Amino acid sequence: MKYKLSKLLLFGITITAFFSSCASRKEIILFSDIKEGAETSVTYSLPKIQVNDILDVKISTLNPETSLPYNSVTVTSAAVPTLELLKLQGHLVSAEGKISLPILGEIAAGGKTTSELEKSIITILENNGHLKNPTVSVRILNAKVTVLGEVKLPGTYTYSEQSISLPQAIGYAGDVTIEANRKEVWLIREEEGKRKYHKIDLTKSDWFDSPYYNIKQNDIVYVYPNNVKVKSAGFIGNTSTVLSVFSILLTTFVLLTR
């Protein structure tokens, strides 16, 4: 009778340990609250220029010869310059948030969007009598995001689009692993001289309309490990480990007392 009771107790402990290490569907599925057929409006916003950004600035007019002195000289043997070469010839945003352009000198760029900087340069060119009806194009050449933690391919990823979304950034890193805590993903962002931290729950979609849906250059994304991964780093520390150890001891005791 005692032997059967011991076997039953051992079975119960094993089942408890198994279920205590399992995650529910809601903890694994991303955006699990999305409903089929639902629609929400999308708002697009341009990222603001930051210190250490490299900008490609092109100034043109109907007569190309008049605008030529206002552009940096492009030296390349290739018919189409590579992105790395464009970065070397681009305009680095200084610690003061300025870039230096031929003839125009220092221009304030930090804190502005590329569209705002384009308009600012056009105003300077026209109001100071440099060029008539100029066209200005500004592009960030070194936009990047760093994805760390429980993703398949952690690292720093560059992108050439004006902006990408947080799901895209995680996609670059190969998606989150099965050991990721999808409810605790931290986004670290530097804005206007301040470092900001925001926690995102990837199992929900309520953050889609927040400022954190779209990645900004130099953002850092950190995906926390789940409790099973954290606690498995030590021998004793979670319920399943304690129960497993106890079950082994109980099994040994039963075998020795048969």
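Among contacts in the chain between residues at least 6 apart in sequence, 64% join residues at least 24 apart. The model is a predicted one. Its chain contains 8 helices and 12 strands. Of the 258 residues, 32% count as buried. The chain exposes about 16600 Å², and carbon and sulfur atoms supply 58% of this area.

Helix 5 comprises residues 114-127. At 1.5 Å a residue, its 14 residues should span 20 Å, and the end C-alpha atoms are 20 Å apart, which agrees with that expectation. Five positions named in this helix are buried: Thr114, Leu117, Ser120, Ile121 and Leu125. These residues cover an arc of only 135 degrees around the axis, which puts them on the same side of helix 5. The buried residues of the helix pack against four strands, namely strand 1 (54-60), strand 3 (98-101), strand 4 (105-108) and strand 5 (135-140). On the face turned away from the buried side, helix 5 carries the exposed residues Lys119 and Asn127. Glycine 129 follows helix 5 and has a positive phi, near 75 degrees.

The structure holds 7 salt bridges. One of them joins lysine 58 to aspartate 56, with the closest N and O atoms 2.6 Å apart. Aspartate 56 has a relative accessibility of 16% and therefore counts as buried, the cut-off being under 20%. Lysine 58, at 43% relative accessibility, counts as partly exposed. A salt bridge also links lysine 98 with glutamate 106, where the closest N and O atoms are 3.8 Å apart. In this pair, lysine 98 counts as partly exposed because its relative accessibility is 36%. Glutamate 106 counts as exposed, at 59% relative accessibility.

The side chains of arginine 189 and aspartate 219 likewise meet in a salt bridge, at 2.7 Å from N to O. Arginine 189 lies in strand 9 (residues 180-191) and aspartate 219 in strand 12, so the pair ties together parts that are 30 residues apart in sequence. Aspartate 219 counts as buried, with a relative accessibility of 1%. Arginine 189 also counts as buried, at 1% relative accessibility. Elsewhere, a network of salt bridges links Glu191, Lys196 and Lys216.

Strand 12 (residues 219-225) also takes part in a nonpolar patch, to which it gives the most, with 3 residues. The patch lies on the surface and is formed by Leu148, Ile220, Tyr222 and Tyr224, which together have about 300 Å² of accessible area. Tyrosine 222 is located in strand 12. With a relative accessibility of 31%, tyrosine 222 counts as partly exposed. Strand 12 thus holds both aspartate 219, the partner of arginine 189, and tyrosine 222.

Notes:
Residues are numbered from 1 along each chain as its sequence is written. This is a predicted model: local features need pLDDT of at least 70, side-chain atom pairs count only at pLDDT 80 or more; totals for chains, interfaces and linings use all residues. Side-chain values use heavy atoms; hydrogens and water are left out. Patches are made of residues with over 30% relative accessible area and no salt bridge: like charges are joined within 9 Å, nonpolar side chains (Val, Leu, Ile, Met, Phe, Trp, Tyr) within 5 Å. Accessible areas come from the Shrake-Rupley method with a 1.4 Å probe; for residues, only the protein chains shown count as cover. A salt bridge is a side-chain nitrogen of Lys or Arg within 4 Å of a carboxyl oxygen of Asp or Glu. Helices (H or I, at least four residues) and strands (E, at least two) are DSSP runs, numbered from the N terminus. Buried means under 20% relative accessible area, exposed over 50%, partly exposed in between (1.4 Å probe, protein chains only). The expected span of a helix is 1.5 Å times one less than its number of residues. The arc is that of the directions from the helix axis to the C-beta atoms. Contact means heavy atoms within 4.5 Å.
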